[in-house]
Amino acid sequence: MDFSNDKPRILIVDDEPANLKVMREVLGNQYRMSFAKSGDAALTLLEKEQPKLILLDIMMPDMNGFEVCEIVKSTPALSHIPIIFVTALGDESDEFKGFELGAVDYITKPISPAIVRARVKTHLSLVQAEQLKQAHVDLVHRLGRAAEYKDTDTGEHIARMSQYSKLLALEFGMDEHQAELLRQAAPMHDVGKIGIPDAILLKPGRLTSEEFDHMKQHAVIGAQILANSSSPLLQLAHKLAIEHHEKWDGSGYPHGLKGEQISVEGRIVAIADVFDALTSKRPYKEAWSVEEALEHMQAQAGKHFDPHLINLFVNKLDAIIAIKNTYQEQD
């Protein structure tokens, strides 16, 4: 079986054929390699195939490496490709300019073969790690979407409530990383609905007391599905699954947690989830206006919701409306 196509492809750009030959010898048969003798030729190649990494000379006629880098980083389809400058320029200002344009590393000529091999290996490992991270996040979102097939919620609901959650998290004072992790985990909050019978989940009328007790188990089921993961994303999703129906006054479920016994992430997602449910049309109800929903939720501050978070949420009315308009229901 031929595994050559599994090797990462590297694009090497240099106007000197001797330098291209040296790079071919240094990197040997570990990688698939493409070569370009000018910036224009490199950009033409990039239109046809995307390498995992670009080794780019700076001093080239017509279009120098800085200009090539700037074009690559400003092109959405190419901007993710890491660029390492390989150049005789040794001035610190040149190195700073390269990093400012988006390069990930800088190797000076004459090159050391060991350094080139090590730097290439390191940055390709980082690419692979990022791809695995993205696949992980994608699978989490798809599992969250799986629950929608058992419910009347839509993909737009998931997108909106996730964005509301991030908005409120940032307003609360979380940093960008924490808030983004919450946005990524929020779609999983209702994954336990997979375990609820359709006769209960899709019932158009009011649930009986017994049926509602069964429905409440979706929080426990979701937590069981997501339990015992080493992933910070899934650990947070587990927390959201078990806590998103807890209430500030302790009257929620499944554990009757009260006040700050509920994590701030759980309190945030509860607000985002209820707000979007109220302002969305469903087979059993018409959509409330944003104003009606916020008025109702303010009345529930200190009962259902954390009063401080409700105030923060209401203060972001313009951003809330912008999110709602961005992720509209499709007929």
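**Figure 1. Burial and surface of the protein chain.** Of the 331 residues in the protein chain, 43% count as buried. The model is predicted. The accessible surface of the protein chain comes to about 17300 Å². Carbon and sulfur atoms hold 52% of that surface.

**Figure 2. Fold and extent of the protein chain.** The protein chain contains 15 helices and 5 strands. Its radius of gyration is 26 Å, well over the 20 Å from the globule rule for 331 residues, so the chain is more spread out than a compact globule. Taken along the principal axes, the C-alpha atoms fill a box of roughly 80 × 50 × 40 Å. Contacts between residues at least 6 apart in sequence were also sorted by separation: 60% of them join residues at least 24 apart.

**Figure 3. Charged side chains of the protein chain.** There are 35 positive and 49 negative side chains. How far apart do the centres of the two sets lie? The separation of the centres is 5 Å.

**Figure 4. Glutamine 50 in its loop.** Glutamine 50 sits in the loop between helix 2 (39-48) and strand 3 (53-56). Isoleucine 115 lies 65 residues away along the chain, and its C-alpha atom is 24 Å from that of glutamine 50.

**Figure 5. Contacts of glutamine 50.** Which residues does glutamine 50 contact, leaving aside neighbours within four places in sequence? They are Ala77, Leu78, His80 and Ile81. At alanine 77, the side chain of glutamine 50 reaches the backbone oxygen at 2.9 Å. At histidine 80, the link is between side chains: a polar contact of 3.3 Å joins the side chain of glutamine 50 to that of histidine 80.

**Figure 6. Aspartate 276 in helix 12.** Aspartate 276 belongs to helix 12, which covers residues 264-278. Why does aspartate 276 count as buried? Its relative accessibility is 0%, so aspartate 276 falls in the buried class. Not counting residues up to four places away in sequence, aspartate 276 touches His157, Arg160, Met161 and Tyr164.

**Figure 7. The two sites side by side.** Glutamine 50 lies in a loop, whereas aspartate 276 lies in a helix.

How values were computed. Residues numbered from 1 in each chain as written. Predicted model: local features only at pLDDT ≥ 70, side-chain atom pairs only at ≥ 80, totals over all residues. Heavy atoms only, no water. Helix = DSSP H or I, 4+ residues; strand = E, 2+ residues; numbered from the N terminus. Rg over C-alpha atoms; globule rule 2.2 N^0.38 Å. Buried < 20%, exposed > 50% of the residue type's maximum accessible area, 1.4 Å probe, protein only. Contact = heavy atoms within 4.5 Å. Areas by Shrake-Rupley, 256 points an atom, 1.4 Å probe, with all protein chains shown as cover. Lys, Arg positive; Asp, Glu negative; His and termini not counted. Charge placed at Lys NZ, Arg CZ, Asp CG, Glu CD. Polar contact = N/O pair within 3.5 Å; in protein donor to acceptor, adjacent residues only side chain to side chain.
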